[in-house]
Amino acid sequence: MVEFFLTMATLNWIGKEAVANHDKEVPFKLLEKVPSASVGKESKNLVIHGDNLEALKALMPFYQGKIKCIYIDPPYNTGNEGWVYNDKVNSPKIREWLSQVVKSDDLTKHDKWLCMMQPRLKLLKELLSDDGFIFVSIDDHEQQYLSHLMNEMFGEGNFVANFIWNHRKSSQNDIDISLSHNYTFCYARNRSKFKLNPLEIDGSKFSNPDNDPRGDWVADPMDAPAIRENLMYPITNPKTKKVYLPPPGRHWRFSKEKFEQAIKDNRILFGKTGNSKPQYKRFKSEAVLKGTNVFTIWDDVGTATEGTQELMDLFDGKKVFDTPKPTSFIKKILKLASGKDSIILDSFAGSGTTAHAILSLNSEEKGSNRKFILVEMEDKVARDITAARVERVIKKYNFEDGFEYCELAKPLFDKAGQINESCSYEELASYIYFTETQTNIDKKAIKNPFIGESHGISYYLVYTGKGKNEINRSSLSKLKIVGQAVIYADRCLVDEDELKEKGITFKQIPYEIKIY
């Protein structure tokens, strides 16, 4: 039996050294749009079919440091999923060990799970913006190991919270202990720039029975937990002269001076009859500005059963996926950790709940335009469930946005970030177009030297081989450019002012990409 141990707050496992830099061994592949599986002509929403490690590497040149919120729901490693770690690590011995199906009686299943997670978390961290967040769901099988791994990858100081989701309302009759919750770890990319959004208040709790000109209000308790000697003063009801002290083990919420000011402001109540312990008027207008506190136990975001029913409703009552998350769960994460124009990434996309939640939230919030990137590696899931769900949601609710379904094509750049010599014109043109527009183009639509047009800007690539490509007045006139344009080549002999006058921007062909 292999030991799994912690030393000096460092997590150690079999295969750790073999995968430590495995992400750097993965080449940069192209994303290739599949028009027949996409919805809409052009969209910055992506559904990517392929190994998520390779997909994350493919996203690096375009999205490094730009993802505001990441949510992942990786395998829980229960021994029943039948998953296999299939990354091509350099060590033949480790590769052979990892290639075996992970079963419940596998004594090294935790090691294999960590080998799978470590390089993916490394790339996910690089994709996060400096003020971004990552949320990772897990259950009891791996939560203790995930906690240590996240501390190691993101830094213990960037830990935000471990949210507990009560996903079950009823007990299981066939077992002694019924598991009714799982965990979602939240880490910030940079804790010094950490700021969760305030959640909306429940307006139904507020009313205005005394017609206060300041608007609706709610009566909050004046006392709070714990004993603080400076907040244990007596409070006298000015009408009944009854004196109140904080209940045992509690203190008043604020100082005597603030209390006396609240009395003058008509913000202290003594119950409906005027003969109860003091309460404080909190106005709805103040609550809206502040938002509500975020509690770490979530029992208001739906259940696993509701998540299953949501999906079945989209697939004519058929159960097509086990344990999908409810959209209300993902929406809460989005409300906490994303803005109205944020990019959200889910690299273990499964049933596509994340995209469903984003589209739904965009429609609910005026001016919202969040974009999603989903990655799903399972052949039978990516197109028939993940993409199919998003398509059905768009059609059912008449959402305006679509998505581009992509496969991972051959590597355009090697692991060192240098362009492959075998790169074709269409491949390089596709890469440039995505760099400029964050949307994919059908290779069949590319007409050398014209790549394509997006939002009134035409894109051109002059390319016959590395280092051979030059723009001069003669070659420029042959392009017959009308309107704004961007031209890629190796050199430009036309004066910059002349290009500007014609509405043309020159850029050098990217033969290499920066390694993170």
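This is a dialogue on reading a predicted model of a protein.

Reader: What does the protein contain in helices and strands, and how many residues does it have?

Author: The protein has 15 helices and 25 strands. It has 516 residues, of which 49% count as buried.

Reader: How should I read the contacts along the sequence?

Author: Take the contacts between residues at least 6 apart in sequence, and ask which of them join residues at least 24 apart. In this protein that share is 70%.

Reader: What is the accessible surface of the protein, and what part belongs to carbon and sulfur atoms?

Author: The accessible surface comes to about 26100 Å². Carbon and sulfur atoms account for 49% of that surface.

Reader: Where do I begin with the sheet of 10 strands?

Author: Begin with the order of the strands, which here is β3-β19-β4-β18-β17-β5-β6-β8-β7-β16. The sheet is open and its pairing is mixed. Its edge strands are β3, residues 28–33, and β16, residues 297–298, and each of these pairs on one side only.

Reader: Which helix packs on the sheet, and which strands does it touch?

Author: Helix α13, residues 425–437, packs there and touches β3, β4 (46–49) and β19 (404–413). The direction of α13 makes about 120° with that of β19.

Reader: Do β17 and β18 run parallel or antiparallel, and how many bridges join them?

Author: Strands β17 (residues 343–346) and β18 (residues 371–376) run parallel, and 4 bridges join them.

Reader: Where is Ser 342, and is it buried or exposed?

Author: Ser 342 sits in the loop between α10 (327–337) and β17. To class a residue, look at its relative accessible area, where buried means under 20%. Ser 342 is buried because its value is 9%.

Reader: What does Ser 342 touch, and what does its side chain reach?

Author: The side chain of Ser 342 reaches the backbone nitrogen of Gly 339 at 2.7 Å. Leaving aside residues up to four places away in sequence, Ser 342 touches Lys 68, Arg 370 and Lys 371.

Reader: What is the general rule for phi and for peptide bonds?

Author: Most residues other than glycine have a negative phi, and most peptide bonds are trans. Now the cases in this structure. Lys 241 is not a glycine, yet its phi is positive, about 65°. Asn 266 also has a positive phi, near 60°. The peptide bond from Asn 448 to Pro 449 is cis, with omega near 10°.

Reader: Where do Lys 241, Asn 266 and Pro 449 lie?

Author: Lys 241 is in the loop between β11 (235–236) and β12 (243–244). Asn 266 lies in the loop between α7 (256–264) and β14 (268–269). Pro 449 lies in the loop between α13 and β20 (450–454).

Notes: Residues are numbered from 1 along each chain as its sequence is written. This is a predicted model: local features need pLDDT of at least 70, side-chain atom pairs count only at pLDDT 80 or more; totals for chains, interfaces and linings use all residues. Side-chain values use heavy atoms; hydrogens and water are left out. Helices (H or I, at least four residues) and strands (E, at least two) are DSSP runs, numbered from the N terminus. Buried means under 20% relative accessible area, exposed over 50%, partly exposed in between (1.4 Å probe, protein chains only). Contact means heavy atoms within 4.5 Å. Accessible areas come from the Shrake-Rupley method with a 1.4 Å probe; for residues, only the protein chains shown count as cover. Two strands pair if DSSP finds at least two bridges between them. Axes are lines fitted to C-alpha atoms, for helices over the stretch in contact, and angles run from 0 to 180 degrees between N-to-C directions. A polar contact is a pair of N or O atoms within 3.5 Å; within protein, one must be able to donate a hydrogen and the other to accept it, and residues adjacent in sequence count only if both atoms are side-chain atoms.
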